[in-house]
Amino acid sequence: MLESKAGVMLLAGLAFFTLAFVSNAVVPLLMYQDQREQTAEQLVNGNLRYQFEDLARRYPDSFEKAYGKPPEEVVEREKWFNQKTADTLRLGRKLYVGEACWHCHSQFVRPVSNEEQRWRPVSRSIEYQNELQRPVMFGTRRVGPDLSREGGRRSNDWQAVHLFKPTSLSEGSPMPEYPWFFDGSPDKPNARGLAILTYIQWLGSWLESYPYYEQYTPAPLPVEDPSSESQ
Amino acid sequence: MTNDSLTRDALPNRELIEERLVVWYFLAAIGYLFVSMLGGFLMAFQLIRHNPFNGIELLSPGRWRMIHTNAIAYGFLANAFLGNLHWIVPRLTLRSVMSRKLSYFIFAAWQIVVLATAGGLLLGEAQGLEWGETPVWIDPLAQVGLLLVAVNFMTPILKTKGPMYVTLWYFLAAFIWTFLTYAMGNFVPEYFVAGTSAGAVGGLFIHDLVGLFVTPLGWGSMYFFVPILLRKPIWSHGMSMVGFWGLAFFYPLQGIHHFLYTPIPMFLQYGAIVSTIAVEMVVLTVIVNFFGTLKGSSRALATNLPIRWFFTGMIFYAITCAQCALQTTLTFQALIHFTDWVVGHAHLVMFGVFGQWLLGVMTYLFPRLLKSDWASPKLCEWHYWLSAVGLFVMALDLTLAGLFQGWSWAALQPWDASIEVSQPFWIVRIWAGISMFSGQIVFCVNLWKTWQQSPLNKAVMSSAVVPA
């Protein structure tokens with residue numbers, strides 16, 4: 001191997017590559033070993049469940065079309081909602097990636113540039129140790145604002161209208177329209193629409209100080225469901 | 001352009017080179033360059049809020065933004081470099097590639113990889129890593145393709161005895177690194193690692209793809225073409241080795257500098273920063289070496305168009321690297337991360353440096369491949385000026401835009417303010433893009449005319465050598 005230049009080079013090239021992989025990838029990997037990767041099921045929390053059930057109440061027809069009817073029995077119903085929330089989160093993440101949302105929105109609040117003032121807590125490692133961050137959605141460019149603390153700041157109907165036609169809510173927004181998440185109008189989200197709404201509402205739902213600076217009051221709903229009296 | 005640069009060189013090893021394949025690769029590269037630029041326009045018009053196709057799923061600017069970057073990396077750069085390799089490697093080794101049939105198979109397989117990637121991205125099947133968006137079912141095919149490329153070209157290189165020219169050092173390294181880099185980026189952060197560590201691997205991947213795939217192939221080509229065109233040896237062979245080993249050692253260590261201020265441990269971030277600044281010193285030796293070679297022949301910049309393309313690229317390279325050394329510091333990062341500064345930087349590298357080099361190579365090689373002078377040297381000049389000036393304006397414009405955006409955010413202005421302040425810059429960016437785009441149209445027109453007068457065209461009209 002070491003008699004020829006090509007052999008020396010091959011070894012050196014591999015060694016340098018490996019050194020970089022160890023120092024830039026294996027070291028952080030080992031350092032975060034103790035933080036277990038969470039599954040989507042483990043990520044379902046009260047705040048997110050509230051938002052998901054809000055979708056069920058706000059868009060009953062769309063919801064039933066996408067997921068069917070929840071079971072009547074309380075324990076079964078709980079299980080059913082949790083599982084649907086987790087499945088929806090996975091689909092929502094796939095859409096967030098596939099539509100390249102992450103090319104214009106970051107999920108990462110830095111400890112500089114007054115970002116803590118704008119979005120509140122600086123991001124911590126533990127927030128990213130889950131299957132929805134595989135690969136991690138730190139982002140690459142911020143045309144629009146960071147989304148990692150977006151959940152709960154705005155209601156589902158605001159998000160729906162905004163996805164349908166961003167300029168109708170934020171004048172001058174350069175965000176593209178996503179009518180294919182809806183069946184013709186913003187009050188009729190389809191399965192993909194419900195998924196992306198759930199994913200957006202998940203972002204930051206794990207934080208204690210949820211939601212942040214905007215006083216969030218749930219939009220009034222015709223109350224007919226006993227599970228809606230929380231919050 | 002003088003006759004000097006167009007002198008036919010009757011090499012004895014001409015039959016070693018599959019010239020038809022070089023032409024095919026170049027044409028494919030140009031095709032993808034157009035696709036990519038159209039994707040760029042779609043996003044650019046969306047940003048100035050004048051996207052005529054708003055609300056059409058298959059023309060979504062988000063999806064086309066991924067096609068924009070992937071078409072450049074895997075469509076334009078990879079194809080153009082492969083054509084380049086088919087020209088250079090047999091000449092330097094005096095041996096043909098391992099198998100011609102394999103070469104054609106690789107060509108076909110690679111086009112399938114790129115087209116399938118584009119199709120997957122259009123249908124929303126992307127994966128969440130820049131340049132690693134390639135949908136999962138294509139990754140294995142791409143991996144096999146890269147392996148075959150390595151085998152096909154390394155066979156003649158490894159058979160050569162005696163000292164090896166620096167170009168071959170770069171190429172050998174690129175074959176191995178590209179294979180490893182692709183495997184690392186397309187599988188590790190998607191399947192094995194989540195969260196912050198996935199960020200570290202992702203940073204390493206996008207960084208290595210530039211540094212260990214594009215850069216060595218680019219510099220390797222420059223070490224080949226510049227001395228040939230200037231008809232003299234490279235200024236210092238020793239210095240070219242410094243550049244090679246410096247790149248090999250320092251470049252891969254810097255992946256994390258793409259994610260400064262993330263939760264990735266600070267000592268690793270510092271390591272990446274120090275290594276970045278170190279590699280800029282190395283870059284300086286390479287630039288000095290090439291300008292040392294140019295010394296005494298600088299008239300070639302005016303008379304020899306390929307040389308002008310190459311050295312313009314090198315000046316942009318020097319600017320890019322100076323930018324790197326600054327922007328990798330934490331001070332700069334606080335301001336410019338997530339802004340258009342980074343977008344300007346990316347265009348400066350990909351189009352300003354490697355794009356210019358490859359277009360220069362095409363300007364040099366097409367007359368040789370088609371056995372005919374360029375139909376219009378004037379159009380060649382237009383191609384150069386429209387591309388170079390357009391790119392320079394775009395890079396400068398986006399760099400400035402980035403500063404304004406960063407300041408607007410840090411000042412805690414409402415978010416919309418950062419959009420409004422960007423508008424004039426984004427409009428200028430479109431004009432710069434139009435300039436670059438028209439440059440390529442001029443190039444194609446010229447190529448078509450040249451093909452019309454090419455003896456190849458007349459000789460083999462019926463067997464259709466070049467599907468133009």
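Helices here are DSSP runs of H or I with at least four residues, strands are runs of E with at least two, and both are numbered from the N terminus. Two packed helices are described by the angle between their axes and the distance between the axes. For this pair, residues 19–47 (helix 1) and residues 100–122 (helix 3) of chain B, the angle is about 10° and the axes sit 11 Å apart. The axes are lines fitted to C-alpha atoms, for helices over the stretch in contact, and angles run from 0 to 180 degrees between N-to-C directions.

On the helix 1 side of chain B, the contact uses B:Leu21, B:Trp24, B:Tyr25, B:Ala28 and B:Tyr32, and helix 3 of chain B answers with B:Ser103, B:Tyr104, B:Phe107, B:Gln111 and B:Val114. Being in contact simply means that the C-beta atoms of two residues, placed from the backbone, lie within 7 Å. Sorted by class, this helix contact has 8 nonpolar, 2 polar and no charged residues. Nonpolar covers Ala, Val, Leu, Ile, Met, Phe, Trp, Tyr, Cys and Pro, charged covers Asp, Glu, Lys and Arg, and the others, Gly among them, are polar.

All of this comes from a predicted model, in which local features need pLDDT of at least 70, side-chain atom pairs count only at pLDDT 80 or more, and totals for chains, interfaces and linings use all residues. Residues are numbered from 1 along each chain as its sequence is written, with chains lettered from A and ligands numbered from 1 in the order in which they are written.

The predictor's confidence in each residue, pLDDT, goes from 0 to 100. Chain B has a mean of 92, with 95% of its residues at 70 or more. Residues 1–10 of chain B are another story: pLDDT stays under 50 there, and the model has 14 contacts beyond four places in sequence for this stretch. For the complex, the predictor gives an ipTM of 0.92 and a pTM of 0.92.

Chain B splits into domain 1 (19–137) and domain 2 (326–460), with bounds from an automatic or database domain assignment. The C-alpha centres of these two domains of chain B are 17 Å apart, and 18 residues of domain 1 are in contact with 16 residues of domain 2. Helix 1 of chain B gives the most to the domain 1 side, with 12 residues. That side divides into 15 nonpolar, 2 polar and 1 charged.

B:Phe81 belongs to helix 2 of chain B. B:Phe81 counts as buried because it has 28 C-beta neighbours inside 10 Å; the cut-off is 20 or more other C-beta atoms within 10 Å, with 12 or fewer for exposed and partly exposed in between, using C-beta atoms placed from the backbone. B:Ala29 is 52 residues from B:Phe81 along the chain, yet their C-alpha atoms are separated by 8.9 Å.

Chain A has 8 helices and 0 strands. Of its 231 residues, 43% count as buried, and its C-alpha trace spans about 80 × 45 × 35 Å along the principal axes. Chain A is divided into domain 1 (1–31) and domain 2 (44–228), whose C-alpha centres lie 42 Å apart.

Between the chains, 68 residues of chain B are in contact with 59 residues of chain A. The chain B side of that meeting divides into 42 nonpolar, 17 polar and 9 charged residues.
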